[in-house]
Amino acid sequence: MKEEPKIHKRVGRTLNSMLMKLNYTNTSFAVSEEALRAHKALAEQAYRTTVSKSGRGNDFLGWVDLPAGISEEDFATIEQCADRLANKSEVTVVIGIGGSYLGTRAVVEALQHSFGAMVPQQRPYLLYAGNNMSEDYLHDLLEVLDKKDYSLIVISKSGTTTEPAIAFRVLKQHCERKYGLEEARTRIVAITDAARGALRTLATQEGYDTFVIPDDVGGRYSVLTPVGLLPIAVAGFSIRKLVEGAKAIRAELLSHPAFADNPAMQYALVRYMLYNQGLKVELMTSFEPRLFYFVEWFKQLFGESEGKEHKGIFPAGAIFSTDLHSLGQYIQEGTRQLFETVLTVEKAHHHVEIPFDEKNTDGLNYLQHRSIDEICHIAQQGTCQAHVSGEVPNIEITIPELSEHHLGELIYFFEFSCAVSGYMLDVNPFDQPGVEAYKRNMFLLLGKPGVK
Ligand code: PA5
């Protein structure tokens with residue numbers, strides 16, 4: 001009798017066909033089925049800790065139920081505000097750092113035209129500020145804003161983060177000079193804590209429209225709150241479909257408490273086992289350059305959640321085939337300390353094929369009439385085979401296409417896996433005490449009042 005192909009045994013549980021798929025077949029040479037079975041209780045315990053909200057940091061588990069709790073009224077309020085800003089802006093600047101901007105950028109850059117700034121837009125083009133301290137960056141942004149009609153969305157949960165606060169002070173004054181005080185106030189929306197922080201005080205004093213970041217949702221888990229939903233809606237993408245995707249996978253993950261049925265637990269346990277074998281770096285890759293910022297979002301989510309108490313996988317990122325020409329050598333033959341998680345998009349939205357060329361000087365006629373997407377998938381297959389033969393375990397996560405729905409699935413899937421993963425590592429996945437060290441030194445050096 002023909003043996004069942006190995007791949008079926010290790011593909012994560014087949015979810016509803018609308019949903020993402022997990023395939024960890026290509027980790028089998030490093031993590032056996034027996035080893036996974038032997039440790040599955042650990043993943044199931046971490047899962048229970050997450051869903052029962054009984055573990056460390058449990059006052060920050062609001063994201064677990066968030067997608068199911070967004071009401072029609074919530075959507076309508078966000079969409080109305082987004083349309084109001086969109087009607088008066090060619091550009092909207094999203095001012096925020098870390099969890100206060102990466103989720104938006106991950107979704108918007110995955111969905112928008114690859115050269116969005118160069119083509120006529122129905123909706124405002126999003127620009128970003130407050131995520132660095134470059135004077136030249138801010139100068140160049142002001143130069144652009146001199147010539148464009150714009151609005152500002154300033155986002156900070158604490159309301160006191162230095163980078164966005166500096167950028168907002170500069171951009172607020174620019175906006176007020178350009179439009180006058182009254183009009184500027186209608187072009188600024190603040191998203192922050194319900195009551196605390198300098199941004200809340202400022203927004204109240206100025207009379208800005210505001211949205212609240214719920215107390216029980218931390219920055220890196222906040223993309224499905226107004227933090228992400230408002231700017232994504234301004235850019236013209238469907239926040240309803242995004243949330244639908246998150247809701248759909250949430251229902252699957254919450255209704256399957258057994259390891260064998262739950263891909264988030266499977267992903268979390270496979271990477272945990274790889275980590276325990278000395279593979280301390282997870283390289284998230286994709287052959288889709290539009291996912292560059294999704295990978296950045298993932299890096300923050302896992303890096304800030306797991307990297308503490310001298311533990312945790314280092315989350316790295318690469319976009320292929322671009323980075324095969326820079327990091328490919330290291331991945332294939334460098335220090336054996338990494339595994340790959342590949343984000344695959346099954347189908348491109350558009351069709352471009354290789355034309356026939358009579359002279360065939362470049363020798364490419366063997367590819368004539370094949371689509372770029374088909375060639376890309378074959379390149380991906382070849383890359384996976386090469387890296388696996390170079391002893392780099394390979395986890396694959398596949399979505400059918402780039403859409404709001406599937407991005408919503410991925411967001412919730414990774415948030416959930418990250419919580420389970422953090423609990424398996426026995427850390428608090430929802431705090432980030434280590435981020436304070438650089439801030440304290442910087443404030444001391446800058447002479448911030450009250451810092452000793
Ligand atoms: O995930 C987190 O909590 C952080 O990355 C924050 O999002 C980031 O530091 C920005 O903080 P805030 O929104 O308070 O300005």
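Guide: Helices here are DSSP runs of H or I with at least four residues, numbered from the N terminus, and one of them is H6, residues 135-147, in which Asp140 lies. The model is a predicted one, in which local features need pLDDT of at least 70, side-chain atom pairs count only at pLDDT 80 or more, and totals for chains, interfaces and linings use all residues. Residues are numbered from 1 along each chain as its sequence is written, and side-chain values use heavy atoms, with hydrogens and water left out.

Asp140 has a relative accessibility of 42% and therefore counts as partly exposed, a class that falls between buried (under 20% relative accessible area) and exposed (over 50%), with a 1.4 Å probe and protein chains only. Arg440, placed in helix H17 (residues 436-446), is also partly exposed, because its relative accessibility is 43%; its C-alpha atom is separated by 7.6 Å from that of Val451, eleven residues apart along the chain.

Helix H16 (residues 404-425) has 22 of its 22 residues buried, so the rest of the structure largely encloses it. After H16 comes Asp426, with a positive phi near 65°.

Helix H10 (residues 226-234) is likewise largely enclosed by the rest of the structure, because nine of its nine residues are buried, among them Pro226, Gly228, Leu230, Pro231 and Val234. Gly236, which follows H10, has a positive phi, near 95°.

Definitions and conventions:
Helix = DSSP H or I, 4+ residues; strand = E, 2+ residues; numbered from the N terminus.
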